[in-house]
Structure formats: C-alpha cells, structure tokens
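Take a slow look at the model below. Then follow the text from one feature to the next.

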Amino acid sequence: MSEIRLRFPPSPTGYLHIGGARTAIYNWLYARKHNGKLILRIEDTDVERSTKESIAGIIDGLNWLGIDWDEGPYYQSDHIKEHIETAHKLVTAGHAYKCFCSKEELDAKRQDAVAAKKTYMYDRTCLHLSAAEIAARENQGTPHVIRFKVPDGDGAVVFEDKVYGRIERKYRDIEDFVILRSNGTPLYLLSNVVDDIRDRITHIIRGQDGLGNTPRQILIYEALAAPLPVFAHMSLTLDPQKAKISKRSHGEVVTVQFYRENGFLPWALINFLVLLGWSPASDQEIFTREELVASFSLEGMNKANSIFNYQKDHPKFITDPKALSTNAHYLQTMPVAELIPLVKDVLQGEDLWDESYENDRQAWFSTTVDLIRSRFHVLTDFARAGRAYFSDDYVMDPKPVKKNLAKHEKIPEWLGLLAQRYESLPEFNKEEAERVTRELADELAIKPGILINGTRTVVTGQAAGAGLFDVLMAIGRDRVIARLQKFSREGLS
RNA sequence: GUCCCCAUCGUCUAGCCAGGUCCAGGACACCGGCCUUUCACGCCGGCGACACGAGUUCAAAUCUCGUUGGGGACGCCA
C-alpha cells in the first residue's frame, strides 16, 4: 500500500516559533507512529525574507528539539515553474480564467462593500469575457491575474476533518480566488497544493487557521484530479488575552531558541508543547519518546484553543509555569550521566568548566551535579545558583545574607571559630563536620541552625540548597575554610 | 458584513461520540500542614469548573435547539 507521508512546511523567519514547533511535533509523531515519512519543505516564495540565515534558524530549532525528517529540506522556490504551468493548465481545462481587473478597481469595490456593510466577493466581471475580448486586452498589454473558477450551483465542498469532523462550505460562499499574480508568480494556495501533490502527501496536520483554506484547496485537488489527503486541523495556542502568540507582541518567549538559551531540555519542551491541545486517553503527563509515539493519536486532539499561560515580567516564571515544572521534573529525575554533558555546555558558556571534571574529578562532578540539581529548574541554574560549586568568584544573594548573617552581629567571629574546628579535624567527613558544628553551637550557647545557615550562605551564597554537610563535602574542606575565614575577616563589608 | 469553528477549575485537561458508576477526576499554579539546619523534594489537606436558557428523558457535563461569549477565515501574504 501507499506509504503515509506528512510534511512540515515552515516559511523562513529566522527562528522556530513554538506554535510551529507544536505543528512539527504532531506531524512528526504521526509519521513516526505510522511508520510514515516526514518531509521538510521550506516555503520560501517570499524571496525578501528567505535568506540562508532565516532558513538555518528554523532548521537549528528542529535539530535542537530532536525532530528529524526523512526527506528534504525541499524548497518551494525550486518549483515555481511547475506552479505556473499548473495555473495555465487549469485555465485550459476551464477551471480557471484570466482576470484583467486592476488592483485599484478591486480595492475600490471592496471598500465600497465594507462601507455599505455588505459582503465583498469578486463579482466575476472577467469570467464572462469572450475570447475576442480576452485577446484584445492581452494585445493591449493589460496585466491580468488568474483566478480559480469556483463551481456554480448549490453544491458545497464537504470533507471529513480528523479533528473537527464534517466540514461543509457552500460554493457560493467561496470567492473566485487568485492563483497567479499579474507578475506571473503563483500564490500560496496553489503552490502549496501542487507541492503536496508532487510530494505525495497523504496527511496534512496544520493549524486551525488553515481550515478556511481547505475548501479552496480541495477544489484545486479536484480540478487537478489528484487524490485528496486526510486533513486534520489542530486548535491554536493563544495568549491569556486570547490573542495569537507572536514574536512581535510577546518577544523571544515564543521562539524555541529562547528555551534553549534559558536552560530547557529539548524533550521537556516537546513534552510541554504536545500537551497543549492534545492529551492521551490517560492521566499520563510525562512521556519517553517511545511512549509518546505509541500513545499519540489524532483522537486526542482538543478542538478548543489552548492558552499559553505566559505572564510578561512575572517575577517567578519566565514562561508558562507548567513548562518550567515539566523541565524541572526531567532535570531532577533523568540519569545524571545524560545530564552531565548538558551541564558541561552551560558551564563552558560561562567559563566555569574545568577539564578535570571529565578526568580525575569526574566522580566529584557527577556527585555534585546530582546533589544540587534537586533545587534547580533549568540548566542555567547550574551556572547561577550553582556557581559557588564551580568557582570562587560568586556573589551572595542578599536574601539569605539578610536572614542568616546580618541578624547576628557576632557571626563573623563564630564562623571563624568554626573554620578553625574544621581545620583541626583529623578527617573531614559529613559526620565529623556535623559533630563539631553542633559542638561549637553548644559551647556558644546558640542554636546549631545559626551556624548551619550562616555557613551555607557564606559558602554557597544561596538560601536554598542540599543538606549543609553534603554541601560542605561537595565544596571541599579547603574552599570551605577559605570562604569562612575570608568572611570572618571581612564580614559583610 | 459573510462564512467556518469552539465553549469543564486561574492554566493544561479527563469525562461527552455509545446519558446513570460525576454533588465532575488528574496535572500545574496558589494556600495550609507534616518532614527539616535552609530551601526544595516527598507526603497529607484546602481552594477551584460543567457559560446561560429551553427541550428530550425516570435520569444530561454528556443528546437537540437557542442565547451569549471567544477564536479563525474572507489579500495580486504565507
């Protein structure tokens, strides 16, 4: 039997939009699940925007996400000739006609209609032109477009959308749309269909905003006597105000690149996006790749639009909280061995990487990453909140300073004493460190928590962290003592 | 203005097609509590929704109609 073939057809914009990524994910999952092929086709007919760089941006995004394709990238611009020929063929076959109405004339008619609150639709002036009239105008050099001739009568285009069910659109509600510009170049509606036919696309999964195009495109398929693909339109993802999410109004958060730069794991982003408008027949929310491919089905697509819950300038959430939470889940539970290369990237980016982490200090590095990750949400936390583990050049967060240090006047002195105790320990291990810490607190008649939290603040700069004595082992005796002594000398100056 | 689509907690959603087991389940967020040297995790608990109105039915979140609300499409953009 014929194979299942899907496509992802982005237009080059320089970045991959999360809505586009979501579309790509569904097409990809469907192809993988049904042993089909995914074709990447760049719709680059808008030459202005289609630079090498803007195409690379899209491909980078897909690569980072791990969405792979089987054919392509193909370029729509390579087939313009075919699109044009098809338009002429449609004219010859009587499915389309030349229209000599000027843009100005049509704009005027449209404006009149709008002003009169009437529906505007092309009035078919040129449909009724005789062969002689057409020839005359062509001889005069009057420019013309080619319009598709929508069938007459009471009929309708009817199709079964895999998500929305039966969709019907009456012929009389469809305008004779332009398929070829007066400069001879083809329009999207035509090019897209011609490409899909040539690429033998069997399933089209696209945004619900394409639903309005579908009846017109089906008309083209029919006029070309080409087999119809299966259509599945997916709900849109909107912002909390129910507006389309766009880079222009929301900024970088709508780009896949943003998530890479902000320490997301690609799979976590996919996991989050796939659940926006789709759900399995269970309560499962975390999936391996295999599980997702296995459970994906168009049946689970939600017809209602979903909302990308992003609040601009939120103090705590840089993006949808659920996306963050999904990412934190993976970050905290994935095998450390898989996490380490990702942490390496982040540390290298901040100049915090040391070759020894891969050699003699490998075990230490692994233990430390595992120790500190339980408080982290994104990879970049390793270079920020986790900075003190990899560098002596870190700053103390004002909050714990206020809470754990500033409140106690004598704490520089106390921590100095603590450093001495650590120094004189025959062996610096968790148990011994804890024992002498509590012993000192006892002697000073203060709560151990004061010493413990003070030490954490000085040594890591952070309010949150793992159990202090694990922290001390990770940072190491020498660095702990040095940091405590420095604080003892300099205080909060 | 015309056409198309949609409607369950703040958000993502299950349930709807094959009406009763749903005074509606899960997740995120939020709020309490437990644990604890901090924070987080974890655990326990709380808050919180079937848009509205009719109809069908013994019975409606589920079926029908209407209202309202929302989204999308109506380009010589893609």
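Which residue lies over the face of Phe177? Arg216 does, at 5.7 Å from the ring centre. A charge sits over a ring if NZ of Lys or CZ of Arg is within 6 Å of the ring centre and within 35 degrees of the ring normal. Arg361 is placed over a ring too: its charged end is 4.2 Å from the centre of the Trp364 ring.

Some ground rules come next. This is a predicted model, where local features need pLDDT of at least 70, side-chain atom pairs count only at pLDDT 80 or more, and totals for chains, interfaces and linings use all residues. Residues are numbered from 1 along each chain as its sequence is written, chains are lettered from A and ligands numbered from 1 in the order in which they are written, and side-chain values use heavy atoms, with hydrogens and water left out.

Now turn to the rings. Rings of Phe, Tyr and Trp (its six-membered ring) pair if their centres lie within 6.5 Å; planes under 30 degrees apart count as stacked, over 60 as edge-to-face and the rest as tilted. By this rule there are 18 aromatic pairs. One of them joins Phe159 and Phe231, edge-to-face, with 5.8 Å from centre to centre and 65° between the planes. This pair links distant parts of the chain: Phe159 is in strand S6 (residues 156-161), Phe231 is in strand S10 (residues 230-234), and they are 72 residues apart. Both Phe159 and Phe231 are buried. Buried means under 20% relative accessible area, exposed over 50%, and partly exposed in between (1.4 Å probe, protein chains only). The ring centres of Trp353 and Tyr357 are 5.3 Å apart and their planes are at 85°, so this pair is edge-to-face. Trp353 and Tyr357 are both buried. Ring pairs also tie Trp353, Tyr357, Trp364, Phe365 and Phe390 into a cluster.

Back to the strands. Helices (H or I, at least four residues) and strands (E, at least two) are DSSP runs, numbered from the N terminus. Side chains alternate along S6. Two strands pair if DSSP finds at least two bridges between them. S6 pairs with S7 in the antiparallel sense over 6 bridges. Asp161 has Gly165 as its bridge partner in S7. The two strands, S6 and S7, form a hairpin with 3 residues between them. S10 pairs with S9 in the parallel sense, over 5 bridges. Here His233 in S10 is the bridge partner of Arg206. In strand S9 (residues 203-207), 5 of its 5 residues are buried.

What surrounds RNA strand B? There are 62 residues around RNA strand B, and the closest are Arg181, Gly277, Lys316, Arg375 and Ile452. A residue is near a strand if one of its heavy atoms lies within 4 Å of it. Several elements each supply at least two residues of this surface, among them strand S7 (165-170) and helix H18 (448-460). Of the atoms of RNA strand B within 4 Å of the protein, 69% belong to sugar or phosphate and the rest to bases. A polar side-chain atom of Arg169 is 3.1 Å from a sugar or linking oxygen of RNA strand B. For Leu275, a polar backbone atom is 2.8 Å from such an oxygen of RNA strand B.

Conventions
A polar contact is a pair of N or O atoms within 3.5 Å; within protein, one must be able to donate a hydrogen and the other to accept it, and residues adjacent in sequence count only if both atoms are side-chain atoms.
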